[in-house]
Every structure is written in structure tokens, then in C-alpha cells.
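Please read this briefing with the model open beside it. It begins with the chain as a whole and then turns to individual parts.

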Amino acid sequence: MADEGSRRGDGLAWQTSVWDRMSDVYLREIDERFRPVVENVIARAALNPGQQVLDLGTGTGSVALRAAPLVIPGGRVLCVDISAEMLKLAERRASEARLDNVTFREGGGEAIPAEDKSTDVLLASLSMMYVIDRSAAARECARILRPDGRFVASVWAGPDHCDIVRLQQTAARFAPPPPVPNVGPGALADPTSFLVQLDEAGIDARVETESTSFDFPDFASAWDTLAGVTAGQMTPEQREEARATVFATLWPEGDGPRRFVNLTQFIVGNKRR
Ligand SMILES: C[S@@+](CC[C@H](N)C(=O)[O-])C[C@H]1O[C@@H](n2cnc3c(N)ncnc32)[C@H](O)[C@@H]1O
């Protein structure tokens, strides 16, 4: 048990360092490309004025910044993330947008820093697959949602249907294994067990899929933007091998612009009354 606890602690420290390191490139290169996913989350959230929203794994705050104006007057958005660097950028963006109904708290899905039944709508865009103890996270989501409260998460499909996961998993083959299993961009490609965990916690949910896409002008820009999620801790030799393999796999016809087509799963549900 102590071993399990310390492995999870190591896992969380590792996960936090990955996202702290990714924060600048995320704001510069990823936010705009993930906009279709964010819009799909917002559409499914069906927000109304006065609602209390929690954005779990807010990153640079894209979902929260879209949600905040939709719950005015009276509503608020609480942004939660394990990465202090991500939260700093999200906070800066909210202040630049002059949104005064958004607050920020460091924390994770396994112990969400919010009161019982405090939340009308819980949003988790592209973050649940990085949560180390998803069963605990499902219980936490149910704890903070009010009865009938809404749950919307987005997660990628597997590498055969989702180019971003294909790139990141191909790169990961050359990296040291993560300190914890079952986390990473494709970890919820099959969401069945997470749906069971949500159900056991008291949230009825189903999966809706959409194809979303974004473009890169060439291989180098895609590699520099996306590889850090799984390729951060490689030696220079591992990195070179990973780079060459990703290029051969995803650019078989040589360098040039490429559209990434990503099957995206939206886990949508409500807390049982
Ligand atoms: C791919 S980014 C998604 C950011 C944002 N939601 C978006 O859609 O652009 C994943 C985010 O999940 C956060 N994250 C990772 N593990 C987490 C956990 N256990 N609890 C909460 N957030 C976590 C990361 O720090 C990162 O900001």
C-alpha cells in the first residue's frame, strides 16, 4: 500500500512536470488547434446564467474562458489543474479578457478542491486520460456535482483513429516507461471502464464521437509542438530515433503540410438524483 502510494506520488510529480514544461508551447501552438474540441465541450455543456462550473484540468483555460461569459450573471467558473505553470497562463488570459467570475485552484481529479454538491456543470476537456487514479476521480466528480448536475469530458480515441495519439504513442515507444500505468493521450481510447467507474460513483454517462482536426505546415512544427507530452524525458539518442520513426510513420510521402484527423470522444452525463 505504501509502495502504491509512493508510486502514485512519483506519478503525479512526473505528470505535473510534463505539463509545467508544456505550458508555453500549449498557449502558443496548441490552444488554437484544440479549439474544435473545446467548442464541442461547450456545446454539450449547455450552460445557463447563474451556473457554477468547474473546469478540471483547465490547462491554459480555453474551456473556462468560453464558459465564463455564458454563466453571467451570477455564475462562476472554478479552474483546477495540477500544473501551477498552466494555471498562471490561464489566470493571465482571464484577466486580459476582463473576466471577473473565474477563479483558480491548484489540485487534481483525485481530490478536487471543491465542496460537496457545489457544482452544476463539471467540464474536463482532454484531461481525464492523464489522471492517475480515475476511479477516485469519478467519485470526486460525483461528490462535487449537485443532483442532476452535468458532466462533460473529452478524450481522444486510439492511434488508428486519432493522428495526435498516433504521433505521441509512436514517440513514447522510445521513452523510459512512465512511473504509473494507463496514463497518456490514448489512455481512454476505450472508455468502457471509466464509464463503469462513473456509474458506480453515481453519474450516468454515454459517449458521443466527432472527428476534429488541425493542421501543421511541416513535420518539425508538429514534432516541436506535440512530442513533449510523451517524449520529454528521452536521451538525445532516443529522441533522434523517436523523431525519425514518427517522421517515417506519419509523413510516409516526405515532409510538407499535414492535417491531423482525430476521432474525439465526448463523455456526457448527469449525476443521478
Ligand atoms: C491536454 S491538457 C488539456 C487542457 C485544457 N483542458 C484544454 O482542453 O485545452 C491536459 C491538462 O490536464 C492536466 N492534468 C493532468 N493530470 C491531471 C489531474 N490528475 N488532475 C487535473 N488535471 C490534470 C494537465 O496539467 C493539463 O493542463
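Among contacts in the chain between residues at least 6 apart in sequence, those joining residues at least 24 apart make up 81%, where two residues are in contact if their C-beta atoms, placed from the backbone, lie within 7 Å. This is a predicted model, in which local features need pLDDT of at least 70 and side-chain atom pairs count only at pLDDT 80 or more, while totals for chains, interfaces and linings use all residues. Residues are numbered from 1 along each chain as its sequence is written.

**The chain as a whole**

- The chain holds ten helices and seven strands, with helices (H or I, at least four residues) and strands (E, at least two) taken as DSSP runs and numbered from the N terminus.
- Because its radius of gyration of 18 Å is close to the 19 Å that the globule rule gives for 273 residues, the chain is as compact as a globular protein of that length; the radius is taken over C-alpha atoms, and the rule is 2.2 Å times the number of residues to the power 0.38.
- The C-alpha trace of the chain spans about 50 × 45 × 30 Å along its principal axes.
- Of the 273 residues of the chain, 46% count as buried; a residue is buried if 20 or more other C-beta atoms lie within 10 Å of its own, exposed if 12 or fewer, and partly exposed in between, with C-beta atoms placed from the backbone.

- Strand S2 (residues 76-81) is largely enclosed by the rest of the structure, because five of its six residues are buried.
- On one side of the pairing, strand S1 (residues 52-56) runs parallel to S2 and is joined to it by five bridges, and two strands are said to pair if DSSP finds at least two bridges between them.
- Within this pairing, Asp55 stands opposite Cys79 in S2.
- S1, H3 and S2 together make a right-handed β-α-β unit, a crossover being right-handed if, with the strands pointing away from the viewer, the path from the first strand over the helix to the second runs clockwise.
- S2 also pairs in the parallel sense with strand S3 (residues 102-106), over five bridges, and Leu78 has Thr103 in S3 as its bridge partner.
- From S2 the chain crosses through helix H4 (residues 84-96) to S3, and this β-α-β crossover is right-handed as well.

**Helix H5 and its surroundings**

- Helix H5 (residues 134-144) has as its buried residues Arg134, Ala137, Ala138, Glu140, Cys141, Ala142 and Ile144.
- These buried residues pack against a set of elements that includes S1, strand S4 (119-125), strand S5 (145-156) and helix H7 (192-201), along with strand S6 (203-216) and S7.

**The shell around the ligand**

- The ligand is surrounded by 22 residues, of which the closest are Trp19, Gly57, Gly59, Gly108 and Ser125; a residue counts as near a molecule if its C-beta atom, placed from the backbone, lies within 6 Å of it.
- Helix H1 (2-33) and helix H3 (62-70) each contribute at least two residues to this shell.
- The shell divides into ten nonpolar, ten polar and two charged residues, where Ala, Val, Leu, Ile, Met, Phe, Trp, Tyr, Cys and Pro count as nonpolar, Asp, Glu, Lys and Arg as charged, and the others, Gly among them, as polar.

**Backbone details in the loops**

- In the loop between H3 and S2 lies Pro73, which is joined to Ile72 by a cis peptide bond with omega about 0°.
- Arg98, in the loop between H4 and S3, has a phi near 55°, a positive value in a residue other than glycine, and Arg98 counts as exposed because it has 6 C-beta neighbours inside 10 Å.
- Lys117 belongs to the loop between S3 and S4 and, although it is not a glycine, has a positive phi of about 55°; with 14 C-beta neighbours inside 10 Å, Lys117 counts as partly exposed.

- Gly256 is found in the loop between helix H10 (236-250) and strand S7 (258-271), and it counts as exposed because it has 10 C-beta neighbours inside 10 Å.
- Arg259 is placed in strand S7 and counts as exposed, with 10 C-beta neighbours inside 10 Å.
- Leaving aside neighbours within four places in sequence, Arg259 is in contact with Ser213 and Asp215.
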